[in-house]
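User: I'd like to go through this one and hear what the labels rest on. Can you walk me through it?

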Amino acid sequence: MQLKKPKRPYLLRALYDWIIDSNLTPYVLVDATSDAVAVPREYVDDGKIVLNLSPTAVHGLALGDEAVTCNGRFGGRPFDIYLPMANIRAIYAKETGEGMMFDAETFPDPQPPGPGQPGGPEADGGQRGGGHLKVVK
């Protein structure tokens, strides 16, 4: 029996495109309790973080099958973001609240990228130009 691929990456990409094409702002709700999630921990509230993934807020956005990666700025400080697909709980439009909460799915164990890999820590301590990621409370 062939293992079924998770639906979440496909649904996330489709909803992201729909939100952007509708001239709305895509927000994702992330369970940040895993060490595999790379976000500035000082912005995590109650184990969760909401991130603005609009093209004006982040750079280098990649909506992959295993993770979402990009880089942005928190309080003026550049930061490489790594969000394992298993930790993304929802995507929705800021302006309307329309979107989707994701059902529980089985994913392979996340493997955070290493230095020099997309979404991984940079050799210079993550200091590179990025977007203007905004934390939403």
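User: How do you know what share of the protein chain counts as buried?
Analyst: Buried means under 20% relative accessible area, exposed means over 50%, and partly exposed is in between, with a 1.4 Å probe and protein chains only. By that cut-off, 44% of the 137 residues count as buried. Bear in mind this is a predicted model: local features need pLDDT of at least 70, side-chain atom pairs count only at pLDDT 80 or more, and totals for chains, interfaces and linings use all residues. Residues are numbered from 1 along each chain as its sequence is written, and side-chain values use heavy atoms, leaving out hydrogens and water.

User: What makes Asp45 exposed or buried?
Analyst: Asp45 has 56% relative accessibility, so it counts as exposed. Asp45 sits in the loop between S1 and strand S2 (48–52).

User: Which elements does the protein chain have, and how are they called?
Analyst: There are 1 helix and 8 strands. Helices (H or I, at least four residues) and strands (E, at least two) are DSSP runs, numbered from the N terminus. From that end the order is α-β-β-β-β-β-β-β-β.

User: How do you know that the span of helix H1 agrees with its number of residues?
Analyst: The expected span is 1.5 Å times one less than the number of residues. For the 14 residues of H1 (residues 8–21) that should come to 20 Å, and the end C-alpha atoms are 20 Å apart, so the two agree.

User: Which residues of H1 are buried, and why say they line one face?
Analyst: They are Arg8, Pro9, Leu12, Leu15, Tyr16 and Ile19. Seen down the helix axis, they fall within an arc of 135°, so they line one face of H1. That arc is taken from the directions from the helix axis to the C-beta atoms.

User: What do those buried residues pack against?
Analyst: Strands S1 (26–31), S3 (59–63), S4 (67–74), S6 (88–93) and S7 (99–101). Contact here means heavy atoms within 4.5 Å.

User: What makes a set of residues a nonpolar core?
Analyst: The members are buried Ala, Val, Leu, Ile, Met, Phe, Trp, Tyr and Cys residues joined through side-chain atoms within 4.5 Å. The largest such core has 28 residues, and Leu12, Val28, Leu51 and Leu83 have the most contacts inside it. H1, S1, S2, S4, strand S5 (77–84) and S6 each give two or more residues to this core. The largest share, 4 residues, comes from H1.
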